[in-house]
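Please consult the sequence and the structure shown below. This report should be read alongside them.

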Amino acid sequence: MTYFSLLYETEWKENDGKEKAKAQPYQVISPEKARKFEWSGNKMVEVQVDLTKENYKIPSYFKDLNLDQVIDKILLEDNDSLLIETFQVLLQDREAILYRQDIFRDLEHENVYQAVLRLQSCISQVYRIREYATKANHPIQYQKYMLDAMILYYDGISGFLEATAFILKSTGLTRLHSLYTAYVSSQTFLKLREKSKTLNERIEAVKYHLTLLPDRILFYFGGNENDFSQNIKDTFLPDTKDSNEFIFFRQVTLTDLELKFADLLYKKEKSLFSEVSDFIDAYSDFINPLTVKIHRELKFYTSCHNFIQSLKSKNFSFCYPVVLEERKVELHGVYDLAMASRFKASDLITNHFSLDEAHSGAWITGANQGGKTTFARSLGQIAYFTLLGMPVPCSYAKLPLFKGIFTHFCAEENAGTDNGKLKEELLHINEMLTYASGSNNLFILNELFSSTTTSDAFDMSKLLVSRLTKLNSFIICVTHVPSLAADCEDLLSLGTETGPQKSNRRTYHIIPKPPELTAYAADIAGKYGLTFHQITEELK
């Protein structure tokens with residue numbers, strides 16, 4: 001079968017992307033624990049309950065950039081392995097990014113979006129009905145389920161083609177439309193669609209009626225034209241539903257009574273059901289492999305589209321980033337996507353960021369709790385979603401094609417190892433550098449070597465950044481050592497904007513400015529009554 005995917009332009013690009021994804025560093029996430037209390041004898045005891053059943057892996061930068069939180073909100077507990085894998089494969093060229101962007105643009109047209117949703121819903125229902133068929137406990141029930149699934153499948157694809165004719169613009173969805181057009185025009189498709197409908201009509205034409213007596217139920221074939229009580233009801237109470245009405249054949253498996261009815265039907269219409277059985281046995285695998293693949297791939301687009309639309313409804317901005325060949329960055333209206341899920345647009349501060357070819361990145365210094373880490377994280381999120389071919393969380397974006405994303409955020413010391421915090425940090429940086437081959441990688445570093453002295457942090461940070469700039473990498477580094485920003489001209493100096501000098505109020509704006517020698521920690525201590533003067537007054 002000719003290769004086709006809505007996620008990748010070519011089979012080579014798909015395989016290449018997945019191979020590169022395997023080569024990036026991963027972090028193993030252990031099962032989450034929850035506290036639960038149970039009675040043991042006459043005592044209440046605490047037990048640990050796994051919220052997730054097994055360990056799973058995510059790219060190392062996911063946690064640092066809060067991408068795990070964002071993707072969880074996009075997936076809504078959909079554990080499809082293809083869907084999860086797609087979020088871990090970064091696209092490697094501009095054409096691949098545009099290929100996906102154009103599909104997202106198509107989905108912004110309501111008619112296209114609704115047609116895609118109907119196709120997805122239709123295929124999901126087909127899978128569900130086929131699953132019911134596997135649980136059926138009578139041959140004619142199995143046959144009816146399979147016929148219903150086939151008719152729904154054929155009508156669903158035909159309906160998608162009719163709804164999207166002449167309105168698709170993306171290469172991906174246009175190709176899908178062409179492939180499906182050829183498919184529904186094939187003799188096999190036409191024959192199976194017609195045959196399944198004909199057999200279904202013949203089954204539904206089979207009529208029978210029941211007469212309930214005190215000690216028995218009489219079963220008759222044919223319509224009950226002389227049902228006098230029903231005629232009276234239809235004439236005088238046409239909109240009334242009998243409260244004692246009993247509907248048969250409405251559950252997945254048949255009851256004992258229904259099984260007896262089904263046996264009588266099978267004996268009466270044995271030739272019909274034998275014909276249906278032969279037809280279904282011959283074409284039970286009626287779902288085209290292309291549809292199986294497309295159904296899974298469309299979930300990536302609709303899940304992301306729904307997530308983005310939910311934030312747009314709260315007035316958050318998204319745009320399609322322009323991928324540049326030059327080493328320039330221009331971003332407007334930048335915000336943290338993980339925070340956006342919890343707030344309104346008016347509650348979040350947005351920032352701008354520009355980087356020319358003369359600089360390899362930026363140092364970020366300034367006030368504690370001034371938004372430095374959030375800003376750095378936001379830049380990483382924009383780079384990541386650009387490499388997924390998605391709209392990104394800002395109002396305007398131009399940036400280079402990053403080949404990989406690497407992060408190092410200050411973490412708590414791991415009590416489960418014999419390593420000190422500094423050694424763990426060095427081991428993580430060594431692993432990061434091992435995987436970061438080639439140029440044009442993006443490094444986001446947050447508070448390097450905060451566990452050691454300022455002098456040692458200066459020397460080690462300078463050495464690391466010097467090595468990364470020689471690799472033609474892009475570096476965003478939040479630091480508590482302002483002398484680093486003053487010493488390294490390859491990186492732009494950014495800082496936090498603060499309010500009036502007396503209050504040092506945080507505005508959460510990050511702006512180009514010389515490195516500040518203070519982190520304004522004293523006003524945070526004052527806010528919580530922890531300055532030297534406040535503590536001594538409290539102790540008096």
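The sections below treat the basis of the model, its aromatic rings, a hairpin and a surface patch.

## Basis of the model

The model is predicted: local features need pLDDT of at least 70, side-chain atom pairs count only at pLDDT 80 or more, and totals for chains, interfaces and linings use all residues. Residues are numbered from 1 along each chain as its sequence is written, and side-chain values use heavy atoms, with hydrogens and water left out.

## Aromatic pairs

Rings of Phe, Tyr and Trp (its six-membered ring) are paired if their centres lie within 6.5 Å; planes under 30 degrees apart count as stacked, over 60 as edge-to-face and the rest as tilted. By this rule there are 26 aromatic pairs. In one of them, the ring centres of Tyr-154 and Phe-189 are 5.0 Å apart and the planes meet at 80°, so the pair is edge-to-face. This pair links distant parts of the chain, since Tyr-154 lies in helix H7 (residues 139–164) and Phe-189 in helix H9 (residues 187–204), 35 residues apart. Helices (H or I, at least four residues) and strands (E, at least two) are DSSP runs, numbered from the N terminus. Both Tyr-154 and Phe-189 are buried; buried means under 20% relative accessible area, exposed over 50%, and partly exposed in between (1.4 Å probe, protein chains only).

Phe-402 and Phe-474 also form an edge-to-face pair, with 5.1 Å from centre to centre and 85° between the planes. Phe-402 is in the loop between strand E11 (396–400) and strand E12 (404–409), whereas Phe-474 is in strand E14 (residues 474–478), 72 residues apart. Phe-402 has a relative accessible area of 5% and is therefore buried. Phe-474 is buried because its relative accessibility is 3%.

## A ring cluster and a charge

Ring pairs join Tyr-153, Tyr-154, Phe-160, Tyr-180, Tyr-183, Phe-189 and Phe-286 into a cluster. The charged end of Arg-130 sits over the ring of Phe-286, 5.4 Å from its centre. A charge sits over a ring if NZ of Lys or CZ of Arg is within 6 Å of the ring centre and within 35 degrees of the ring normal.

## A hairpin with an exposed leucine

Strand E5 (residues 208–212) and strand E6 (residues 217–221) pair in the antiparallel sense over 5 bridges; two strands pair if DSSP finds at least two bridges between them. They form a hairpin, with 4 residues between E5 and E6. Leu-212 lies in E5 and stands opposite Ile-217 in E6. Leu-212 counts as exposed because its relative accessibility is 66%.
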